[in-house]
Amino acid sequence: MTISERVLTGERADLLQAVGMHRGFLRHTVRGLTDAQAAARSTASELCLGGLIKHVTMVEHRWARFMVGGAEAMESEPVDWTGMFRMADDDTLADLLARYAGTAARTDELITTLDLDASHPLPVAPWFEPGASWSVRRTLLHVIGETAQHAGHADIIRESIDGAKTMG
């Protein structure tokens, strides 16, 4: 049974709606852009719109792996921490958006199936409290926050490119 065939209510429906809304804001921000525009740095920041899509995709993918298998699963794939924020010569906006859609579908499936109270110890990192654990629920809230924050970044970058805004 697919997500669209299930009737979700309560917390799971709220989580799906919240993450979907912020993903939609981010995708809306790149609507109608060329690959060159998506790769452009339009502010003093190193960020570009395609790079933000790439970054949010990677972050959501890694946290989905964490929700299923903990820190070990999350860290089992290499990450290009520098390259994830920019478009490579062979990246296209269409390809980046397709990867994002695939990652989003996987996360949405996890929202509907995982025990939201299941938890895993966080990876060792200076920004996490030593020995702390996050539940699936807490991890999803982090993904929603990360997506919302970067949708805001994207809106500023897009406005710098051609004046377009997600809202307003």
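Guide: Let's start with Arg 23 and Glu 60, whose side chains meet in a salt bridge with N and O 2.7 Å apart. A salt bridge here is a side-chain nitrogen of Lys or Arg within 4 Å of a carboxyl oxygen of Asp or Glu. Arg 23 lies in helix H1 (residues 10-29) and Glu 60 in helix H3 (residues 49-74), so the pair ties together parts that are 37 residues apart in sequence. Helices (H or I, at least four residues) and strands (E, at least two) are DSSP runs, numbered from the N terminus.

This is a predicted model, where local features need pLDDT of at least 70 and side-chain atom pairs count only at pLDDT 80 or more, while totals for chains, interfaces and linings use all residues. Residues are numbered from 1 along each chain as its sequence is written, and side-chain values use heavy atoms, with hydrogens and water left out.

Now for how covered the two partners are. Buried means under 20% relative accessible area, exposed over 50%, and partly exposed in between (1.4 Å probe, protein chains only). Glu 60 is buried at 1% relative accessibility, and Arg 23 is buried as well, with a relative accessible area of 3%. Asp 108 also meets Arg 23 in a salt bridge, at 2.8 Å from N to O. Here Asp 108 lies in helix H4 (residues 93-113) and Arg 23 in helix H1, so this pair ties together parts 85 residues apart in sequence. Asp 108 is buried too, at 17% relative accessibility.

Arg 158 forms a salt bridge with Asp 162, and their closest N and O atoms are 3.0 Å apart. Both residues belong to helix H5 (residues 136-162), four residues apart, or about one turn of the helix. Arg 158 is buried at 9% relative accessibility, whereas Asp 162 is partly exposed, with a relative accessible area of 42%. Elsewhere, salt bridges that share partners join Glu 11, Asp 117 and Arg 137 into one network.

Helix H5 also holds Glu 159, which is partly exposed at 39% relative accessibility. Leaving aside neighbours within four places in sequence, Glu 159 is in contact (heavy atoms within 4.5 Å) with Ala 164 and Lys 165. The C-alpha atoms of Glu 159 and Thr 29 are separated by 9.0 Å, although the two residues are 130 residues apart along the chain.

Let's go back to helix H3, which holds Trp 63. Trp 63 is buried, at 5% relative accessibility. Not counting residues up to four places away in sequence, Trp 63 touches Met 74, Leu 122, Phe 128, Trp 134, Thr 139, His 142 and Val 143. Between Trp 63 and Thr 107 there are 8.9 Å in space, C-alpha to C-alpha, and 44 residues in sequence.

Ser 135 takes us to strand S2 (residues 133-135). Ser 135 is buried at 17% relative accessibility. With residues up to four places away in sequence set aside, Ser 135 touches Leu 116, Asp 117, Ala 118 and Ser 119; of these, Asp 117 is also part of the salt-bridge network with Glu 11 and Arg 137. The C-alpha atoms of Ser 135 and His 22, which are 113 residues apart along the chain, are separated by 21 Å.

A last stop is helix H2 (residues 35-39), where Asp 35 is found. Ala 38 has its place in helix H2 too. Asp 35 is partly exposed at 36% relative accessibility, while Ala 38 is buried at 0%. Not counting residues up to four places away in sequence, Ala 38 touches Leu 33, Cys 48, Leu 49, Gly 50, Met 87 and Leu 93. Ala 38 and Ile 157 are 119 residues apart in sequence and 9.5 Å apart in space, C-alpha to C-alpha.
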